[in-house]
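Reader: I am new to this structure. Please take one part and look at it closely, then show me what lies around it.

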Amino acid sequence: MPSAAERTRTLVQSTASAILVIPGLVPDLPELMVPEERIVGTDGDLFLLFPAESPAVRAATHAEDDDLTAVLDITDVAPVAVPGRIRGRARIAGWVTVARDLPAPAGKVRLRLEVGEASLDDLWGAEQVEPDEFAAARPDPFVDHEAELLQHLAAAHADQVGRLCALAGGAGACRGVPAAAVPLALDRFGLRVRFTGEDGVFDARFEFPEPVRGHTDLHRAMRALFDAAREAAAREAAAREAAAREAAAREAAARDR
């Protein structure tokens with residue numbers, strides 16, 4: 001499974017919504033606190049691009065050498081329609097300064113957020129991430145394509161995704177094809193699906209045999225999952241038919257006695 005640091009780094013470098021919160025600063029236009037671009041430097045610092053008129057830029061400029069604390073709040077929302085669409089939240093806390101050594105487009109300013117601490121609460125659970133772990137981590141290779149891949153799976157392979165329930169084992173009561181099955185999250189280690197069945201909503205995680213590195217590997221891994229699910233569903237159907245025949249035979253024998 002991906003580490004908490006990798007998941008946090010992936011969120012930071014994804015298109016998930018984010019807002020910079022500076023204690024004591026209440027902007028008239030909260031959208032001016034939303035960075036237009038987020039980049040992670042080689043040492044783990046975050047570089048956030050803002051309009052020059054952003055209150056965040058003014059606060060960092062006026063602070064000069066004083067420590068200006070700030071928190072980058074990130075909310076990850078599933079790119080597909082699913083019950084409970086918020087997949088996770090990350091909180092990156094630290095100190096903000098103006099990144100005067102980095103160029104920025106006209107009318108924009110880059111701010112540096114030196115990471116002091118980070119926390120993550122996502123589909124895997126709640127964890128703390130140390131700054132050095134965050135700096136050393138790398139984002140998931142599908143960070144730029146996860147949304148479109150999930151949308152493609154939901155639109156073009158809904159039946160096959162639903163049949164994955166046959167592989168869910170003890171993840172939930174999955175009898176036959178569930179009422180709904182939505183691909184919820186994808187990374188290099190596997191696929192998470194949210195099922196709606198007779199007993200409610202539950203998630204199941206399907207691990208790939210080995211981490212995938214690109215679209216060719218992913219296609220091969222998904223094909224293997226779909227094939228395994230089809231075979232498992234066929235075995236379940238055969239078992240149900242055999243049980244039904246056995247029950248019918250017992251009833252017939254009881255009537256003959």
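Author: Arg7, Asp122 and Glu127 are linked in a network of salt bridges. The model is predicted, and every value here is computed from it.

Asp122 forms a salt bridge with Arg7, and the closest N and O atoms are 2.6 Å apart. Asp122 lies in strand β6 and Arg7 in helix α1, so this pair ties together parts that are 115 residues apart in sequence. Are these two residues buried or exposed? Asp122 has 15% relative accessibility, so Asp122 counts as buried. Arg7 has a relative accessible area of 8%, so Arg7 is buried as well. The cut-off for buried is under 20%.

Side chains of opposite charge can pair when their charged atoms come close. How many salt bridges does the model hold? The count comes to 16.

Another of them also involves strand β6. Glu36 forms a salt bridge with Lys108, with 3.0 Å between the closest N and O atoms. Glu36 lies in the loop between β1 and β2, while Lys108 lies in strand β6, so the pair ties together parts that are 72 residues apart in sequence. Glu36 has 45% relative accessibility and therefore counts as partly exposed. Lys108 is partly exposed too, at a relative accessible area of 28%.

A further salt bridge joins the side chains of Arg205 and Glu207, at 2.9 Å from N to O. Glu207 is partly exposed, with a relative accessible area of 41%.

Rolling a probe the size of a water molecule over the atoms shows where empty space is left. The largest pocket holds about 580 Å³ of space. It is lined by 32 residues, and those closest to its centre are Thr10, Leu11, Asp76, Arg87 and Glu146. Which elements give two or more residues to this lining? They are α1 (4–12), β4 (69–77), β5 (86–98), β6 (108–122), α4 (146–156) and β8 (180–187). Helix α1 gives the largest share, four residues. By class, the lining of the largest pocket has 13 nonpolar, seven polar and twelve charged residues.

The largest share, six residues, comes from α6. The lining of the second largest pocket divides into six nonpolar, four polar and one charged residues.

Last, the surface. Ile19, Val21 and Val34 make a nonpolar patch of about 180 Å². Val21 is found in strand β1, residues 17–21. At 37% relative accessibility, Val21 counts as partly exposed.

To sum up, the network you began with links Arg7, Asp122 and Glu127. One of its pairs ties strand β6 to helix α1. Both of those elements also give residues to the lining of the largest pocket.

Key: Residues are numbered from 1 along each chain as its sequence is written. This is a predicted model: local features need pLDDT of at least 70, side-chain atom pairs count only at pLDDT 80 or more; totals for chains, interfaces and linings use all residues. Side-chain values use heavy atoms; hydrogens and water are left out. Patches are made of residues with over 30% relative accessible area and no salt bridge: like charges are joined within 9 Å, nonpolar side chains (Val, Leu, Ile, Met, Phe, Trp, Tyr) within 5 Å. Accessible areas come from the Shrake-Rupley method with a 1.4 Å probe; for residues, only the protein chains shown count as cover. A salt bridge is a side-chain nitrogen of Lys or Arg within 4 Å of a carboxyl oxygen of Asp or Glu. Buried means under 20% relative accessible area, exposed over 50%, partly exposed in between (1.4 Å probe, protein chains only). On a 1 Å grid over the protein atoms alone, a cavity is a set of points where a 1.4 Å probe fits but cannot get out, and a pocket is an open set with protein on both sides within 12 Å along at least five of seven lines; lining residues have an atom within 4 Å of a point. Grid points are joined across faces, edges and corners, and a volume is the space filled by probe spheres set on the points. Ala, Val, Leu, Ile, Met, Phe, Trp, Tyr, Cys and Pro count as nonpolar, Asp, Glu, Lys and Arg as charged, and the others, Gly among them, as polar.
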